[in-house]
Structure formats: C-alpha cells, structure tokens
Amino acid sequence: MWPSESDLEPLDSIIDRMNPISGFPYPMKSAINPGFPRNVGDPWIGAYTKNGFWFKLAWGGEEEWKEVANEMWYRNEFLIDSATFNLYEKAGSLKFLVAKNIRGEVLGLALLSKSDLSNFSMIGPIFVQEDFRHVGIGSILMKEIMKENTAIAFNSISYLLPKIEEKFKLAPKSMRTFGRVRVTNSSGFPNLKEEKAGVGLLLAYEITDDQWDKISEFGESCTNEKRNWRPFSDEKNQLVAAFDKDSGDCIGISVLREIENEDGRIPDLLVAPLYAKSLIIAEILLRKTFKKHYNPEDDYDFDVDHFAIYRRSVNFFVFSSSESFMIPLLKKISGSDGKVEKDRLTFQTCSNFQLPAINHELIFSLSDPNIHLC
C-alpha cells in the first residue's frame, strides 16, 4: 500500500539537508577529503562559490574576452573593447583565466600580462558579472592567477586596498595613486600650441628603427620599465612622438586609442600614455594627436561629423602628484564649451616587490593601467 502524505518526510527538511547547503561551499575531492568519485575532477577545474554555486576555471582567449568586453565597459566603465585583447597580446605574453558556468558562459575573468622586457607581471582587469559578485569568484580568480608569477603588481580601486593587502599580500605603494579624468565636448583645440622651436613631431608610420629605439629609451627614463612601443601604432591606436631636432633624442610620447563597443555610441577616446619633457611639449603632442578629429570645415548640419573632438569624451589617467600641472592643461583643451570631470574613485598600485622609481614630472597621463605600472 502506498504511504500517505503524512507518512512522508516534509519536503523542506529534505531540502535543508541537501548539498550544497546555503552559505557553505560544497566539499571537493582533495588530499584531505578522499572518497569522492574519480570523475569529480581536480578542485581547480571545478570550484564552488561561498553559497554553493558551481563553476569551472579554464584558460581563455579572444572569444571569451569578446563575450564580456562590452559588459566590462558598460558595468564598470573599463576603457577596453573587443579589440583590446589583440593589443595586449602584442604588448607582451598573456595568461587569461576565466570562470564559466555549466553552460560555458563566462562569469568572470582575470588577465595577467608580462612584458618580454620585464621580470614582473601585471594583473588586470579582474571582472565578475554583476549577478555573481560577492560569492568568492573574484578572490579565487585572483589567487589562481597569482600562481603564474612570484612578482605581481595590481592597480586596485582605493576602497579595496585593505582587502587586497590582507588576502593577497599586495602592499599599496606611496606616490602611486591615480584617477581618471574625462574631458567632454572640448572646444579648446584651436587654443593649443602647434609647435615649439627645435622640436619635431612624427606619427608612427614616419618613425625609423633608430627612432623607435629612442622612444624606448625615453619611455624607460619615465617609468624605469622596458616596453615595446610598436604595437601602439595600428588602425585603432595612434602614436605621436616628439624629438629634439639637434640631438635626435625622443622627448615626448602620446598614444591615442579609440574604445569602440557594441552599444552604438560614439567611441570614447583614451590618451594613454602622455609622457613629455615639459608642459609645452605635452601641449603640442596633444594638438598633433587630436588633429585628425578636428575638421570643422567638413562639419555641416546636413552631414554632421559625429567623431569630431568637440562631440566626444577624452579620457586620461593622471597621478595625484601630477594634477597641479595636468588639470590646467586639460581645462585649456576643454575650452569654454567643454567640461573636465575627475572620477570620485581613485586607484593605487599594489605589489609584493619593490616597484621601480618613476619620474612623476614626465608622466602627464599614465599608460593602460591594466597592463602597465604607469
């Protein structure tokens, strides 16, 4: 005879004792936890969040990046797009760790980059989809990606610094605080100085092999970091270099990138980096950099130039110590019709090794903080 409903254990009590138990990770097979079937898998191929949600870690590539690039830009305003991955690959070797659910959808990612010319690695960006935050996925990604190198640096949002230092032993470094400054609808382009006596400006396609070496030397004098600058000279990136006409030495570098995502908006512009020997050199570099986006004679009511500099946003990453001379320059670019906005959130570089000394007086805008120190 079939049991009646009153003879059965209540459904709620069955759910309460089922794995995963809410608030507790589901136990994985390990050296101290034997007895699980062999096909459970390695703990770092399959992993569980604090609330028992299963996910797996895997090495990703361009396809995984493209899957979440627009979300990273939209949710967190990362200045990246689907093409950024290719730029990062050209700049150095990459390790790209992703967290996926059972359907193979990307829940989060962590990128570790190492220049072939340096002995340390940068972590960034780290991103977790909004619906899966605060359950430990980001921490697991961070811990796992850090195993790829002993010398690690990471540009952290300031309010996370205590957590970064406590959990990952990455100490914040003094004089390494910076923030993003955005100039919108700038009207001050005509006011920028166009030239300086004794200084020549060249676009990437005009630069010789010897001059590329001079650019590398100048970049290293600013950051104490060896870097390959050639990848910053393609259809998505515009590099302008300033040279002393007498000595032939490089005395300034500017790189302009377009951040083009899939929401139909006009792409943001990012100047990263802007290094210069003086304020006037920085100014003429910016004028040369923005020139292709300033063509009012071809801008008509019936044929609007939506990509004009005065209809767009330009972003800079500026050290706190450099604001005294950089902000006035940005206000000059902004002009009477534009606006200069400084983000409320700041960032600070953390590391588990002694960072190289940098020359703050030469760094007007940092390079991409995801793959470079400054």
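Mentor: Buried means under 20% relative accessible area, and exposed means over 50%. Keep that cut-off in mind for this predicted model.

Trainee: Is Arg180 buried or exposed, and at what relative accessibility?
Mentor: The cut-off for buried is under 20%. Arg180 has a relative accessibility of 5%, so Arg180 counts as buried. The value is 5%.

Trainee: Which residue forms a salt bridge with Arg180?
Mentor: Side chains of opposite charge can pair when their charged atoms come close. For Arg180, the closest N and O atoms of the pair are 3.1 Å apart. The partner is Asp343.

Trainee: How many residues apart in sequence are Asp343 and Arg180?
Mentor: Asp343 lies in strand β13, residues 339-351. Arg180 lies in strand β7, so the pair ties together separate parts of the sequence. Asp343 itself is partly exposed, with a relative accessible area of 23%. The separation is 163 residues.

Trainee: What is the N to O distance in the salt bridge of Arg312 and Glu258?
Mentor: Arg312 sits in the loop between α7 and β12, and Glu258 in strand β10. The two are 54 residues apart, so the pair links distant parts of the chain. Arg312 is buried, with a relative accessible area of 2%. The N to O distance is 2.6 Å.

Trainee: Which residue pairs with Glu225 in a salt bridge?
Mentor: The closest N and O atoms of this pair are 3.1 Å apart. Glu225 and Arg227 are both buried. The partner is Arg227.

Trainee: How many salt bridges does the count come to?
Mentor: The rule takes a side-chain nitrogen of Lys or Arg within 4 Å of a carboxyl oxygen of Asp or Glu. By this rule the count is 17.

Trainee: Which side chain joins that of Glu64 in a polar contact of 3.0 Å?
Mentor: Glu64 is in helix α2, residues 62-76. Glu64 is buried at 16% relative accessible area. Beyond residues up to four places away in sequence, Glu64 touches Phe96, Val98, Lys100 and Val106. The polar contact is with Lys100.

Trainee: Which element gives the most to the largest nonpolar core?
Mentor: The largest nonpolar core has 31 residues, and Phe290 and Phe316 have the most contacts inside it. Elements that each supply at least two residues include β7, β12 and α8. With 6 residues, the top contributor is α7.

Trainee: How many residues are in the second, separate core?
Mentor: Phe178, Ile207, Leu239 and Ala241 are among its members. The second core has 29 residues.

Trainee: Which residues form a nonpolar patch on the surface with Leu160?
Mentor: Leu160 is in the loop between β6 and α5. At 31% relative accessibility, Leu160 counts as partly exposed. The patch has about 270 Å² of accessible area together.

Trainee: What percentage of the chain's residues are buried?
Mentor: The chain has 374 residues, with 8 helices and 14 strands. Its accessible surface comes to about 19000 Å², of which 50% belongs to carbon and sulfur atoms. The buried share is 48%.

Terms used:
Residues numbered from 1 in each chain as written. Predicted model: local features only at pLDDT ≥ 70, side-chain atom pairs only at ≥ 80, totals over all residues. Heavy atoms only, no water. Patch = residues over 30% accessible without salt bridge, like charges linked within 9 Å, V, L, I, M, F, W, Y side chains within 5 Å. Areas by Shrake-Rupley, 256 points an atom, 1.4 Å probe, with all protein chains shown as cover. Helix = DSSP H or I, 4+ residues; strand = E, 2+ residues; numbered from the N terminus. Buried < 20%, exposed > 50% of the residue type's maximum accessible area, 1.4 Å probe, protein only. Core = buried A, V, L, I, M, F, W, Y, C linked by side-chain atoms within 4.5 Å. Polar contact = N/O pair within 3.5 Å; in protein donor to acceptor, adjacent residues only side chain to side chain. Contact = heavy atoms within 4.5 Å.
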